[in-house]
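Take a first walk through this model. Start with its rings, then turn to a sheet and the helices beside it.

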Amino acid sequence: MSIPDFQSCMRPLLVAVQDGQTHRFNDVIESVCNYFQLTEEEMRERLPSGKQTYIKNRLAWARTYMNKAGLTAAPGRGQIQITDRGLQAIQDCPDRVDVRYLRQYPEFVEFHKVKSKPNTAIAEDRTSEVAETADDTDPQERLERAHTEIQQALASDILESIQEQTPQFFEKLVVDLMQSMGYGGWSEQSGSATQYSNDGGIDGVINEDPLGLDTIYLQAKRYSNTNIIHRPEIDTFIGALTRQGARKGVFITTSRFSKGAVEAAKGLNMSIVLIDGEQLAQLMIKHNLGVSVKQTYQLQTLDTDYFNEG
């Protein structure tokens, strides 16, 4: 079965600790995974950030929500214990415990409110209804999913903007990108685009050291999404590198490479890296080239070491 959403995790989590004893949360995670018959692959699947597995994140949010409603308690660090309310929930909800059920408890309602900013026109509390809709994702997943959607839209905007520019602009861009990634970092003058009218199949050069003993040669193709790079163009680039006596080359395009093109770049006595449009946009975002930070959100968590010094 697929990985359950965080609300679907609530009742199985209660059942796993219904003996009333104090349990280690990590042990309970294993028990719930067994209940849902999750595969090893599903248990290892991680959030887009890569910092936590989906199932652990969803169980952690289920625990947080039920703690706030008083169905469970945390006697110690990394521990969970059911309460009388939790035992009652098992009886009341033979199929599913969810946010709608938790809202009968005032302390949970208070926790679940979203407060308007003081300087907004309506400075009053409004109840969050997100978790009661068809979207059963927890707050962290919603945030990460929104971030992924924004990044994907930004990547698309980047490629569209590049395709509106001249080929000369793109040749300079690939040089700037290589320098932003740390290649030729010894100097801002370590890279340059070649003369457009007589580039000999080479669009840019990165000198990795001041004496130019180690050089990376660049090829830049500003193509539309439907104009795929095929093997002959890679072979032409290889020929240009051979004439230069080069050992390193990077072929960057705004479109895609065919299977034949990818195969052509393998098994050579030189290193050739192919970067397609999707990779190009992601690298520009990662290295802050052609983009700016609009807003920063910090996702903070409790520093348990601070509260356990004594």
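Predicted model: local features only at pLDDT ≥ 70, side-chain atom pairs only at ≥ 80, totals over all residues.

Residues are numbered from 1 along each chain as its sequence is written, and side-chain values use heavy atoms, with hydrogens and water left out.

A search of the whole structure finds nine aromatic pairs. Rings of Phe, Tyr and Trp (its six-membered ring) pair if their centres lie within 6.5 Å; planes under 30 degrees apart count as stacked, over 60 as edge-to-face and the rest as tilted. Take Phe6 and Tyr65. Their ring centres are 5.1 Å apart and their planes stand at 80 degrees, so this pair is edge-to-face. Phe6 lies in the segment before helix H1 (10–16) and Tyr65 in helix H4 (residues 54–69), so the pair ties together parts 59 residues apart in sequence. Helices (H or I, at least four residues) and strands (E, at least two) are DSSP runs, numbered from the N terminus.

Tyr65 has another partner. The ring centres of Trp61 and Tyr65 are 6.2 Å apart with planes at 80 degrees, so this pair is also edge-to-face. Both residues lie in helix H4, four residues apart, about one turn of the helix. How exposed is Trp61? Trp61 is partly exposed, at 23% relative accessible area, while Tyr65 is buried at 3%. Buried means under 20% relative accessible area, exposed over 50%, partly exposed in between (1.4 Å probe, protein chains only). Phe6, Trp61, Tyr65, Phe108 and Phe111 form one aromatic cluster.

Gln140 sits in helix H8 (residues 139–163) and is buried, at 18% relative accessibility. Leaving aside residues up to four places away in sequence, Gln140 touches Leu47, Gln52, Asn57, Trp61 and Leu299. Contact means heavy atoms within 4.5 Å.

Now the sheet. Five strands form an open sheet in the order E6-E7-E8-E9-E10, with mixed pairing. Two strands pair if DSSP finds at least two bridges between them. Strand E6 (191–193) and strand E10 (271–275) are the edges, each pairing on one side only. Strand E8 (residues 215–221) and strand E9 (residues 248–253) pair in the parallel sense over five bridges. Gln219 stands opposite Phe251 in E9.
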